[in-house]
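Biologist: I would like to learn how to read a protein model. Could you walk me through one, feature by feature?

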Amino acid sequence: MAVVALMSAKGAPGCTTAAQLLAALWPRPALLVDADAAGGDVALRLPREDGAAVDRDRGLLSLLSLARRSLSPTALVEHAQVLRGGTELVAGLSSPEQAQAGQALWDNLAHALAAARDHDVVVDCGRLTAGSPQLSLAERADLLVCVLRPDVSGLVHARERLGTMQEVLQAGGSGPLLGYVVVGRGAGDRDVVGARAMLERDLPKVRFLGLLADDREGAGVLAGVEVPRPERTLLVRSAHAVVDEVARLVGAAGQPLGGTPPVGGGSAAAAAEAEALGARRAARQRGSRRRFGKGAAPVAPVVPLGERLSGTPVLKSSSSTGAGS
Ligand SMILES: Nc1ncnc2c1ncn2[C@@H]1O[C@H](COP(=O)(O)OP(=O)(O)O)[C@@H](O)[C@H]1O
Ligand SMILES: [Mg+2]
């Protein structure tokens, strides 16, 4: 129903971490799509809910290989995996070479993503340029969010990228709303205040969406590090206001989802099955929000790094691709 895309300009300001937080705290069932063309990270950070490593062949890779023809709106869910904590993830690509799929495939994927009826979508686009293959995902989004750090280079590159995105995506008067999130020390911090003033002056149509705390411990939670009370970290606490603002802007706050009508006048059994699936996903999303909300239970220890990697294509294909050497 609503599609929110996140991007960065340069460096690693915390775009993936912000996308993970948005998906985890989103008020309605949400799907996280790891669409960084340089290769996905989320699958390497968190295990699946059953404790196994995320299957990196199932996700964007399998979807793109099906996207020669138009994809059904349910295809995304069918290629998603549930992470520990409850987030539904469409795993990212393993390498930039895989992103060289024809542009038509990305366009078909973008179409399916925007046609979803029973969940919202959070897309991590990673670094985005006018020539990026994943640009069509951002083009179809309701809101494109640039995550930036308020240091000189972070700010200058973000301003340049946002200006370009405004030109490229909003040329015909349509395209996504544009906004930015600052990863910084606090709303009153000099750098944060300066960054906001500069962007307000130079790009008045680009909205400030909030501040995510610069907090290593909190960021560790999204990278699979065991933290006793994740909901108490500065980062997670700061994320609530950002999620509220983003959800409000795209009309996801307090609005129930419409639900997918059964295709081709589906049977009563199919409708009941779809309803049960919807209820399971809504419950999972509530669980994910509870994990980061007040009174959340401590997180279970996560799977150690070695175990997370074993069985993933990173190691399986290392001899043939030279990866990991
Ligand atoms: N808000 C934050 N505060 C502190 N560290 C962060 C924050 N967000 C991300 N990080 C850390 O910065 C590094 C890059 O984060 P990541 O989300 O992968 O950035 P990007 O997607 O922009 O490359 C990771 O080590 C991550 O844990
Ligand atoms: Mg990233």
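Predicted model: local features only at pLDDT ≥ 70, side-chain atom pairs only at ≥ 80, totals over all residues.

Biologist: How many helices and strands does the protein chain have?

Modeller: Helices (H or I, at least four residues) and strands (E, at least two) are DSSP runs, numbered from the N terminus. Here the protein chain has 14 helices and eight strands.

Biologist: What share of the residues in the protein chain is buried?

Modeller: A residue is buried if 20 or more other C-beta atoms, placed from the backbone, lie within 10 Å of its own. Of the 325 residues in the protein chain, 47% are buried.

Biologist: How far apart are the end C-alpha atoms of helix 11?

Modeller: The expected span of a helix is 1.5 Å times one less than its number of residues. Helix 11 (residues 268-291) has 24 residues and should span 34 Å; its end C-alpha atoms are 35 Å apart, which agrees. R281, Q285, S288 and R291 are buried in this helix, and what covers its buried residues includes helix 1 and strand 2. For that cover, think of contacts: two residues are in contact if their C-beta atoms, placed from the backbone, lie within 7 Å.

Biologist: Which strands does strand 5 run parallel to?

Modeller: Two strands pair if DSSP finds at least two bridges between them. Five bridges join strand 5 to strand 1 (residues 3-8), and the two run parallel; L6 has D124 as its bridge partner in strand 5. Strand 2 is also joined to strand 5 by five bridges, again in parallel, with L32 opposite V122.

Biologist: Why is strand 5 described as largely enclosed?

Modeller: Seven of the eight residues of strand 5 (residues 120-127) are buried, so the rest of the structure largely encloses this strand.

Biologist: Which residues are closest to ligand 1?

Modeller: A residue is near a molecule if its C-beta atom, placed from the backbone, lies within 6 Å of it. Ligand 1 is surrounded by 17 residues, the closest being A12, G14, T16, T17 and A219. Helix 1 (15-25) gives the largest share of this shell, three residues.

Key:
Residues numbered from 1 in each chain as written. Chains lettered and ligands numbered in written order. Buried ≥ 20, exposed ≤ 12 C-beta atoms within 10 Å, placed from the backbone.
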